[in-house]
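Student: Hi! I'm new to this one and would like to look around it together. Can we start with a single residue and go from there?

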Amino acid sequence: MHTLSATDLVALVQGMPQPYLILNTNLVIVGASNAYLVLTDRTLEDIVGRPILEAFPENPDAAGTVEQGPLEVSLRHVLATGNPHEMAVIQYDIPQPGGGFVQKFWTPVHTPVAGADGKPAFIIQSPMDVTESVLKTREADARLRIALHAADLASWEYEPETDLWRRSGAVDVMFGFEPGEGGPVAAPFFAKMHPDDLKRVRETVVSVVSSPDHTVMNFDYRIIDSGTVRHVASRGEVLRTSTGKVRMIGVLMDVTADREREAALSSALEEKSQLVAQKDLLLAEVNHRVKNSLQLVVSTLRLQARRVEDPTVAEAFDRAISRVHAIISVHEGLYRDRNSLAVNMAEHLTKLCRDIASAEGDQIEIEVDEVALATERAIPVSVIVSELIYDLRRHRVGNDRIQVALKRSSSDQCVLSVTADGISSLSSELSERLIASMAAQIDGTISGESGPGSWTIVFPVEAL
C-alpha cells in the first residue's frame, strides 16, 4: 500500500526512461512519463485531465479497427480484480497535433496501484509500440486472410479472463450482427448460442483453462438469430502468456448447409426405411394370401380326389397336389421368415423333403449348402425336387433311400441332384417336360448320364 498523492506518483514516473501513463479509477489521465509523451507525440496539456478514450479518440478513417472497446475492458478488469492485465496486440491510432492520425499497434500492460484501503487507486499503463513488427508481418496476414476467405472461414481470438472477444467481421455476420456491432466482449455472442450447446462450449473453455497441456479445441454449436438456426463448426488452439494467462485463437465455419443436407438425407433414409418396412409387410401379406389361396386349391383337389375311383386319375390328382404344395412351401417360408426377396434353401428344402417323407412314410437324405435364392428361382427348384421325389418314389423297386442335395460348385453356380437306387423305369413324358420347363426357368442344364435314378441340374446363382 502507499499514501502517495497523484502528484507524487506523477513526479515519480515523470523522468523514467520507459513509457508510462497514469490513470485514476475514472480512467482519467493524471500524468505520464516523458518517454510516453515522446512515444505518442503528445504533451501533458493535451491529455491530463481527460478520459483516456477522449484523449486518444477513435480514428474516423479506421472505424471498426481501432480497438477502444478492448482497451476499456482491460482497464476495467484491472479495477475490478486488482490484478495486472497484459493485452494482446491492438490497433490504436494516435492523433497528430496538426490533424489526422498515424497508424499504431501496441501491446499494453495495465498494472494497478493500490491505495490505503488496498483497492486500486490508480492504473499505470505501460504500452509497447509493436507497429514495425506488425507491419512487417502484414503480407503474411494478408495471405492468411485470403486463405480464410477462400476456405469460407472467419477468425477469432478469445480471452476467458476478461471475456475479450476479437474477431473478423465475418464472425459478426454469422451471429447476425453488423461488423463491429457486437462489441468487444463475447457475452452478446454467447447469448445467441443454443442453450444446450452453450453449456458444452463453456465446459470446453473451463477445461482448457484448467488443463495446461490442453492446446487444441474443437466444438460445434448452433446460433439462434431471429428464429433461424445456423450451425457453426469452431476449431482453435490455446496460447498462454509468460504469466500463464490463457488466450484462444481459432476459426469458425458456417456448416448450416452441410447440417441441412445431413438432416434431409437422414429424413430421406428414415422415409425409405419406413417404405421398405411397409413394402416388406405388404409382400409378406401377399405371400400369406397366395399361400392361403393355393392351400384352398390343394384342399379342393383333395376333396375331388376322394371321389375318384380310377387309380390313374387319382394319381394325376396326387401329382397335381404335390406340385401345388411345392409352390405353397416357398410362399409359406417367405411369409414366416418375413423375407420377401430370398429363400433360405437349406431350411426350405429340408422342411419340404421332411414333409414329403412324413406324408409318404419314406426316408429322404438331405444335404443342402447355405444358399439363398430369389423367389422366382426357389419355386422352380422346389417343383423339380417335389416332382423327382414323386417319380423316384413311384418307380423304385425296393425301399432304398432317396438322396437330395443342393451344393455350390462355385461362387456363382449350384448343382441340384436327386437320386435313388433300383429305379425300374424312366419318368413319365409329362414329368420330364415339366422338369425341363422348370430347369429352363432357372437357366439350368439337365444331366441324366448317371442312369434313370439320378438327376443332376446345374444352374447359376444370381446375386441378391
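Student: Okay, is phenylalanine 189 buried or exposed?
Tutor: Keep in mind that this is a predicted model. Phenylalanine 189 has a relative accessible area of 2%, so it is buried.

Student: And how many aromatic pairs does a search of the whole structure find?
Tutor: The search turns up nine aromatic pairs. In one of them, phenylalanine 177 and phenylalanine 189 have ring centres 5.0 Å apart and planes at 65 degrees, so that pair is edge-to-face. The pair links distant parts of the chain, 12 residues apart: phenylalanine 177 is in the loop between helix H8 and helix H9, and phenylalanine 189 is in helix H9.

Student: Which residues form the aromatic cluster?
Tutor: Its members include Trp156, Tyr158, Phe177, Phe189 and Phe190.

Student: What sits over the ring of phenylalanine 177?
Tutor: The charged end of lysine 192 does, 4.2 Å from the ring centre. Likewise, arginine 202 lies over the face of phenylalanine 190, at 4.5 Å from the ring centre.

Student: Last one, what about helix H5: how many residues does it have?
Tutor: Helix H5 runs over residues 68-81 and has 14 residues. From first C-alpha to last, H5 reaches 20 Å, close to the 20 Å expected. Its buried residues include Leu71, Leu75 and Val78.

Student: What follows H5?
Tutor: Glycine 82, with a positive phi near 75 degrees.

Conventions: Residues are numbered from 1 along each chain as its sequence is written. This is a predicted model: local features need pLDDT of at least 70, side-chain atom pairs count only at pLDDT 80 or more; totals for chains, interfaces and linings use all residues. Side-chain values use heavy atoms; hydrogens and water are left out. Helices (H or I, at least four residues) and strands (E, at least two) are DSSP runs, numbered from the N terminus. The expected span of a helix is 1.5 Å times one less than its number of residues. Buried means under 20% relative accessible area, exposed over 50%, partly exposed in between (1.4 Å probe, protein chains only). Rings of Phe, Tyr and Trp (its six-membered ring) pair if their centres lie within 6.5 Å; planes under 30 degrees apart count as stacked, over 60 as edge-to-face and the rest as tilted. A charge sits over a ring if NZ of Lys or CZ of Arg is within 6 Å of the ring centre and within 35 degrees of the ring normal.
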